[in-house]
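Take a look at the model first, then read on.

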Amino acid sequence: MRKYLMIAAGLLLVGSLNVQAQGKFFTREGKVHFYSKAPMEEIDGLNKKATSIVDSQTGQIEFSILMKAFEFEKALMMEHFNENYVESDKFPKSVFKGTISNNADVKWTTDGSYPVKVTGKLTLHGVTKDITADGTIDVKNGIPSAHSTFNILLKDFNIEIPKVVKDKVSESVKIVVDVPYQPFTGK
């Protein structure tokens, strides 16, 4: 009898893990692209290793990116980005935690494109700021992907532009997020 109770308890535990994971989607392959255009130079960085999770039931969404995973066309740009601007050794990650404000408008199991507004807190370079951005959740075959474009000001995150390169680095940076999700299995 005790053996059957243990088996039943084990099945209930496994079943509850699956219930908890329902409605959650995850990726380690999100893309975060930033672009800065200044009078003398364009800076273009791409990170293809963003981690993100979204809960379709609550609208909670989180992103985490390693700053050193950004790739640049020129090695010198990557060096300056990591050492002089975002100080990747001191501030290795950027994190966003927020909510899809109009989550009830997204039909997570129905194919289509759904405009969303995301609000939350972005931590970059050791500074946390409130961010609101428009985006889109695209659902295809029951699997969502997320897309958003927004701008940030470097000074809002205490990222200083040395006077010697002021004409090469814009004070405003365009951020483009493109995230393909998969169902979260809890593993």
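**Aromatic pairs and a buried Asn**

There are 8 aromatic pairs in this structure. Rings of Phe, Tyr and Trp (its six-membered ring) pair if their centres lie within 6.5 Å; planes under 30 degrees apart are stacked, over 60 edge-to-face, and the rest tilted. Keep in mind that this is a predicted model, where local features need pLDDT of at least 70 and side-chain atom pairs count only at pLDDT 80 or more, while totals for chains, interfaces and linings use all residues. Numbering starts from 1 along each chain as its sequence is written, and side-chain values use heavy atoms, with hydrogens and water left out.

**Phe25 and Trp108**
- Phe25 and Trp108 make a stacked pair, at 6.3 Å centre to centre with 10 degrees between the planes.
- This pair links distant parts of the chain, 83 residues apart: Phe25 sits in strand S1 (residues 24-37), and Trp108 in the loop between strand S5 (93-100) and strand S6 (112-124).
- Strands (E, at least two residues) and helices (H or I, at least four) are DSSP runs, numbered from the N terminus.
- Phe25 and Trp108 are both buried (under 20% relative accessible area, with exposed over 50% and partly exposed in between; 1.4 Å probe, protein chains only).

**The Phe cluster**
- Phe72 and Phe81 pair up tilted, 5.1 Å centre to centre and 50 degrees between the planes.
- Phe72 and Phe81 are both buried.
- Phe34, Phe70, Phe72 and Phe81 make up one aromatic cluster.

**Asn82**
- Asn82 is part of helix H2 (residues 75-85).
- Asn82 counts as buried because its relative accessibility is 13%.
- Setting aside neighbours within four places in sequence, Asn82 is in contact (heavy atoms within 4.5 Å) with Met67, Lys68, Glu87 and Ser88.
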